[in-house]
Amino acid sequence: MDEVEQKVLSFVKKEYLDEDDDTELDENSPLITSGIVDSFSMVSLKTFLERQYQIKIPDERASAEAFDTVAKIAAVVREIRGN
Amino acid sequence: MAYSEARRAAYQADLAGIREAGLFKEERIIHTAQSADVEVEFPAGESARPVINMCANNYLGLSSHPEVVKAAHAGLDARGYGLSSVRFICGTQDIHRELEHRISAFLETEDTILFGSCLDANAGVFEAVLTEQDIMIADRLVHASIVDGMRLSKAQQETYKHMDLEHLEEKLQESQDKRIRLIVTDGVFSMDGDIAELDKICDLADKYDALVFVDDSHATGFMGKRGKGTHEHCGVLGRIDILTTTLGKALGGASGGCVSGRREIVELCRQKARPYLFSNTVPPVITAAANRVIQILSETTERRDKLEENTLYWRRRLKEIGLDIREGSHPIVPVMLYNAKLAQEVARDMFAEGIFVVGFFFPVVAKGQARIRTQISAGHERHHLDKGLAAFEKVGKKHGILGMGKKEIVEKFGL
Ligand SMILES: Cc1ncc(COP(=O)(O)O)c(C=O)c1O
């Protein structure tokens, strides 16, 4: 895992799991299809990425499919940053 | 033909998918007026049978109350059936203004504007009063109509974990660069009966210079000692900037909703909220009856007191029987079953025992949180509750869940 994946994964854990939740998450765990993140709370993830990486993610890029795993999210971030 | 056979087949496949996922909703047909005792046809085609209704939002038992029905008749006679107009053209009668004034006085707010429903109020208010310089920070379990309303606004959307005020505080800290921070919550959450800690939320709003929005649909009329709602219950009358609520639950249960709160915000809704500007006025018959409802509630707390007593009894006895209920004090009392199939089976068995309740499971509630949501009413008499309790005891015994907590139920039935 590179740095983007690590940052996003630790944000997801803190933001979406309760303290007593022992769900194991890695960069390939489904987030939305598993019900951990829903289409509403997903806005918090988008806000975090935009603030953290100083980017603007167009709504059509922030789809439930594109945001379903940390690896996919990191790919969107990298692409928008242009590296 | 544009609606071709292929198009029809595609829609039919969508519907089949919903059925296969176990998410197809069948309506139960009631052959009586709404009340504690109803006659229900289910499944469709069966003859209707008498059951006790424990799943209506008829918290105060006013849906078919003779006084309310009488006021509706009088309103119909005096102001007619329809107005065929939106409010701002020729759809505002004296009784509409009267109702807005009565609601403001009852809720102890500055002003009120009626909408066709609370869904409409929630759909309109965020877009009308916020801009792209603002941020809305919402509890993750707010009602679907709030989610939709937020999406229609240009303001930034943020969420915090359900009832987690530390998390909310973080989000408030992070958004200090915004013009307006609006905290968004339900007063009472409809699936759990959880009551938002509005006192602490208002304190945070003061500390971080934020406004507070509360949807009090499941509280107006009975929460708080005088039944004003969650803001009275939490001791924050006068501190809620935007309060939306419905006439479709405790307040007679017909339809209609409103935005109540700061004068300027209400006026902005009158000028700008699209569901207000572009949809018909609330019909005179409902407006007149709602005036009577608010009048009754302002005169006596008898009904909310009875509801409170019924709720205490129901909660205490369910626990004594050995069912796992979600703790709290609200007349929404979820009987937790965790497993979706078990919830459906228990609901079906309860119906066979003459008790009308409904099972809820994912995606309506989180995965592994399936339940029967029972709802208590001031229209219930002790014999209704006792019959409901006897049925729960019998059905609980049949499934072997009495005395079990989450761990045991999940071990026995899976998630
Ligand atoms: C919290 C909440 N807000 C809004 C609504 C919608 O109210 P109405 O039926 O007036 O559109 C409901 C009802 O389902 C609700 O539970």
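Contact, for today, means heavy atoms within 4.5 Å. Good morning, everyone! This is a predicted model, where local features need pLDDT of at least 70, side-chain atom pairs count only at pLDDT 80 or more, and totals for chains, interfaces and linings use all residues. Residues are numbered from 1 along each chain as its sequence is written, chains are lettered from A and ligands numbered from 1 in the order in which they are written, and side-chain values use heavy atoms, leaving out hydrogens and water.

Let me start with H218(B). This histidine sits in the loop between β8 (211-215) and α9 (230-233) of chain B; helices (H or I, at least four residues) and strands (E, at least two) are DSSP runs, numbered from the N terminus. Why is H218(B) called buried? Because its relative accessibility is 8%, and buried means under 20% relative accessible area (1.4 Å probe, protein chains only). Setting aside neighbours within four places in sequence, H218(B) is in contact with several residues, including N57(B), Y59(B), K249(B) and H330(B). With Y59(B) there is a side-chain to side-chain polar contact at 2.7 Å, that is, a pair of N or O atoms within 3.5 Å, one able to donate a hydrogen and the other to accept it; residues adjacent in sequence count only if both atoms are side-chain atoms.

Now, the sheet. Chain B has an open sheet of seven strands, ordered β4-β10-β9-β8-β7-β5-β6, with mixed pairing; strands pair if DSSP finds at least two bridges between them. Its edge strands are β4 (111-115) and β6 (156-160). β4(B) runs antiparallel to β10 (257-261) of chain B, joined by five bridges, and D111(B) has G261(B) as its bridge partner.

Definitions and conventions:
Buried means under 20% relative accessible area, exposed over 50%, partly exposed in between (1.4 Å probe, protein chains only).
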